[in-house]
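Have the coordinates open and try each one before reading on.

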Amino acid sequence: MPNSVKQELMRCAAARAWLSSEAGQTPAEPSTHAVPPVVMRVSAHPSADAYVVREVFDPSFSALRRMSRGRLVAEGHWGESAHPAAEGFEALADGRTDLAPCYTNWRADDYPMAQLLALPGLFPNSEIGTEVAERLYAKYLRTEFERPGLLMGRLKATGAYHLFSHKPVRRLADLRGMSIAVNAGLDSRIATALDATPVALSSVELLPAFLAGRVDAVSLADGSADVFGVGAKAPYRIEMGVSMMNMEFGLSAAFLQRLEPGLQAILNDWLRAEAQAETQILYGLGGALARERFAAAGCAFLELPTHERMALDERMADLADRTTRELDRRSLPASRFVAEARELARGLAGKDANQLMRDAIERPLRLLSPAD
C-alpha cells in the first residue's frame, strides 16, 4: 500500500528542513564587491500556484539565496510564460531561459541511454533513483546529453506511474485496445507491452485530452496527476507502479560561464539538494496528499489481483531485457549501465529518504565544475 501523509512527513523531514532553512547549509564567503546579484531565470510548465512551485521551487530559491549570501538568485517563470513546455532545449540555446525542463523522454531517439533510467523495476523508490542517476551521469549520460550551449542542470526520478482512467481495470485484458496518454520513450513502450495504444502528450496536454475523451487513461505519478489536474477528474486510479520516469532540467552553458568558480560550486550543490528535495516532496509527500484529494473527489482506487500482478511484472521484466539488448546491439553500453544501476541501488537500500537528503546537502556529487 502507498505511504500515508503521516509516513511521508517523517520520511522527508530532512528535505522539508532544508527547504525551510532549518538544515545546516555551508554558506558562501561574503562578496567583497557591492554588485547586483546574478539572476538565474528558471522556467517550467506548472502554474505558479501548483504544489511543486509553492512547496519546492519557491522555498528552494530562498535556499539558493541563503547559500550564496544573496549573490545568486533564482527567478521563476511558470505556466509556459517563457516558452512552450517542449522547447526547453531551444530556449536554453537561444537565451530565453537559464534552467528549464529538457525531458529526454520527449526526444527518446536522441537520448537512448537516458531512457534506461525509466526501465521497469530498476529502482525501489524515487529518491534512490535520483541518487543513482546522478552517480551514473558522468560515465554514461554526459556525452549524450550535453551539446553546444546545453549542460545538465539536474536529474530527478519521478514517483511510480499509475493509470488514471475513465474505465475500471481489474485484469490486464481490460487494457487491451485502451488509448493511454503517456510520456514518449519507455512509458510509451510500457503501454504497448500492455496491449494498449500509447498517445504521447506533454504534461499540459493531458487534462484536456482526458476530459475530451481523446484518451481512455493517463499514465502519471500521483504528485504529477495532482499538479496537472488529472487525478481529481479521473473516476478510477489503477495501481501499476511498474516504472518511474526521469525528468531532467537543462542548464544554459552561457549562464554557468558568467559565474565565478565559487558561485558555480554553490549552484552545483544547490541543484543536487533541490533534485533530492523535489523528488521527495512532490512525489512522496505530495503524492500522499494527492491521493487524499483524489479519494475526496470520488476517484476509486483499484489494484490488480495477485496473479494478474505477477503477469504484469513478467511482461515488464521482458520489456526491460529487450530494451537493454536493443541498445547493446547498437554498441551502446546498456547492459553495463543497468548492471551498475542495480548494484548502486542495492548499495543504497540501507539509506532512508532522510539520509539521502542529508547526503545531497553535505556530500553533493560534482556534476558541474568550473571546467564546464
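**Exercise 1. Find which elements each supply at least two residues of the lining of the second largest cavity.**

Solution. β5 (161-165), β6 (179-182) and α6 (186-193) each supply at least two residues of that lining. Helices (H or I, at least four residues) and strands (E, at least two) are DSSP runs, numbered from the N terminus. A cavity is a set of points on a 1 Å grid over the protein atoms alone where a 1.4 Å probe fits but cannot get out, and lining residues have an atom within 4 Å of a point.

Before going on, a word on the model. It is predicted: local features need pLDDT of at least 70, side-chain atom pairs count only at pLDDT 80 or more, and totals for chains, interfaces and linings use all residues. Residues are numbered from 1 along each chain as its sequence is written, and side-chain values use heavy atoms, with hydrogens and water left out.

Next, the volume of the second largest cavity is about 110 Å³. Of its 13 lining residues, L163, D187, I190, L194 and S219 are the closest to its centre. By class, the lining divides into 9 nonpolar, 3 polar and 1 charged. Here Ala, Val, Leu, Ile, Met, Phe, Trp, Tyr, Cys and Pro count as nonpolar, Asp, Glu, Lys and Arg as charged, and the others, Gly among them, as polar.

**Exercise 2. Describe the largest cavity.**

Solution. Start with the count: there are 6 cavities of 30 Å³ or more. The largest has a volume of about 190 Å³, a volume being the space filled by probe spheres set on the points, which are joined across faces, edges and corners. Its lining has 20 residues, with H45, Y103, K156, F228 and Y283 nearest the centre. α3 (51-67), α8 (222-227) and α10 (261-296) are the elements giving two or more residues, and α10 gives the most, with 3. The lining holds 13 nonpolar, 4 polar and 3 charged residues.

**Exercise 3. Why do C102 and C299 count as buried?**

Solution. C102 counts as buried because its relative accessibility is 0%. C299 counts as buried because its value is 7%.

Terms used:
Buried means under 20% relative accessible area, exposed over 50%, partly exposed in between (1.4 Å probe, protein chains only). On a 1 Å grid over the protein atoms alone, a cavity is a set of points where a 1.4 Å probe fits but cannot get out, and a pocket is an open set with protein on both sides within 12 Å along at least five of seven lines; lining residues have an atom within 4 Å of a point.
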